[in-house]
Amino acid sequence: MQLQYDIEGGNFTKAGFASSEIKKVLKQLNVDAATIKRIVVSSYEAEVNIVAHAYKGAVTVVIDHEKIVMQYQDEGPGIPDIEQAMVAGYSTASPEVREMGFGAGMGLPNIHKNADDLLIESEVNKGTLVTITIYLKQEGGQ
Amino acid sequence: MQITELAKLTEAQVRCGNGLMHTEILYAAASDLMSDVLTIHHDGMVLLTGLANMQTIRTAEMSDIHCVVLLRNKKATPEMVELAAEHNIILLESPFTMFKACGVLFNAGVQSVY
């Protein structure tokens, strides 16, 4: 199964729509609640990052019987130093983003904590691709 | 503790979720920073916050938080109420400060997440 959603840079009113849709699909697929929470928290963090930092972006989600792979691709300033961006508390967010309750430098570390695999590729002044992989368990199963 | 009692203790008004007021909560987190809330994995948790915007409700949705209390007389927008109702999130508005709400609920036995 493949899903795709556009993400609008700067529009905090719509931030979370894609992650909400992904959550609905995972519930329909009977994925266990703890795994759904890890997936949608990771997804929401990545979605908010695009809204907060990029001009525009999209998420492509591929779900098979064993895993979900979410690719967040944006057009934006990129990340000059990915290692530094992964340090909890490091943030380049604007005051407007902080007023929305984000920009504390917790997003990427929290994705790393929840994901089974996280890959970040970025080019300065072009954009960033964040690939999150999480293995699935069915509700009541293995 | 049931949400009914929590609402009474914090003198809160119910904006949506009237039919869910018997939901039990064990824990409370108090924060205006949604980045911090998203790192918490406890079930049966209420969120106490002074941040009244759409992302407060989205954060609750993603974190499976079934009750949000807006403090310091903050008011939910119609869009927030609509989104909370869509996801069965009980949305309350309390005139209490965060300090007072935390104190009252702690004294009544609601636990901290860590």
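1. Starting with the interface: 26 residues of chain A are in contact with 22 residues of chain B. Keep in mind as you read on that this is a predicted model.

2. On the area side, the two chains, A and B, bury about 1900 Å² between them, and 53% of that lies on carbon and sulfur atoms. Looking at chain A's share, the residues that lose the most area to chain B are A:Lys23, A:Lys37 and A:Tyr44. Together they make up 29% of what that side buries.

3. Now the polar side of things. Between chain A and chain B there are 15 residue pairs in polar contact, counting pairs with both residues at pLDDT 80 or more. The interface also has three salt bridges. One of the salt bridges in the model joins the side chains of A:Lys24 and B:Glu86, at 3.7 Å from N to O.

4. Which elements of chain A give two or more residues to the side that touches chain B? They are α1 (17-28), α2 (33-53) and α5 (107-114). Of these, α2(A) gives the most, with seven residues. Sorted by class, the side of chain A that touches chain B holds eleven nonpolar, eight polar and seven charged residues.

5. On to the fold of chain A. Five of its strands make an open sheet, ordered β1-β2-β3-β5-β4, with antiparallel pairing. The edges are taken by β1 (2-8) and β4 (117-123) of chain A; each has a single partner strand, so one side of each is left without a neighbour in the sheet. On average, neighbouring strands of this sheet are turned by 10° against each other, direction ignored.

6. If you want a residue pair to click on, A:Asp117 stands opposite A:Thr133 in β5(A).

7. What does α2(A) touch when it packs on the sheet? Its partners there are β1, β2 (56-63), β3 (67-75) and β5 of chain A. The direction of α2(A) makes about 5° with that of β3(A).

8. Last, α5(A). This helix lies across β4 and β5 of chain A, and runs at about 145° to β4(A). Like α2(A), α5(A) is among the elements that give two or more residues to the side touching chain B.

Technical notes. Residues numbered from 1 in each chain as written. Chains lettered and ligands numbered in written order. Predicted model: local features only at pLDDT ≥ 70, side-chain atom pairs only at ≥ 80, totals over all residues. Heavy atoms only, no water. Contact = heavy atoms within 4.5 Å. Buried area = accessible area lost by both parts, 1.4 Å probe. Salt bridge = Lys/Arg side-chain N within 4 Å of Asp/Glu carboxyl O. Polar contact = N/O pair within 3.5 Å; in protein donor to acceptor, adjacent residues only side chain to side chain. Helix = DSSP H or I, 4+ residues; strand = E, 2+ residues; numbered from the N terminus. Nonpolar A, V, L, I, M, F, W, Y, C, P; charged D, E, K, R; others polar. Pairing = 2+ DSSP bridges. Axes fitted to C-alpha atoms, helices over the stretch in contact; angles between N-to-C directions.
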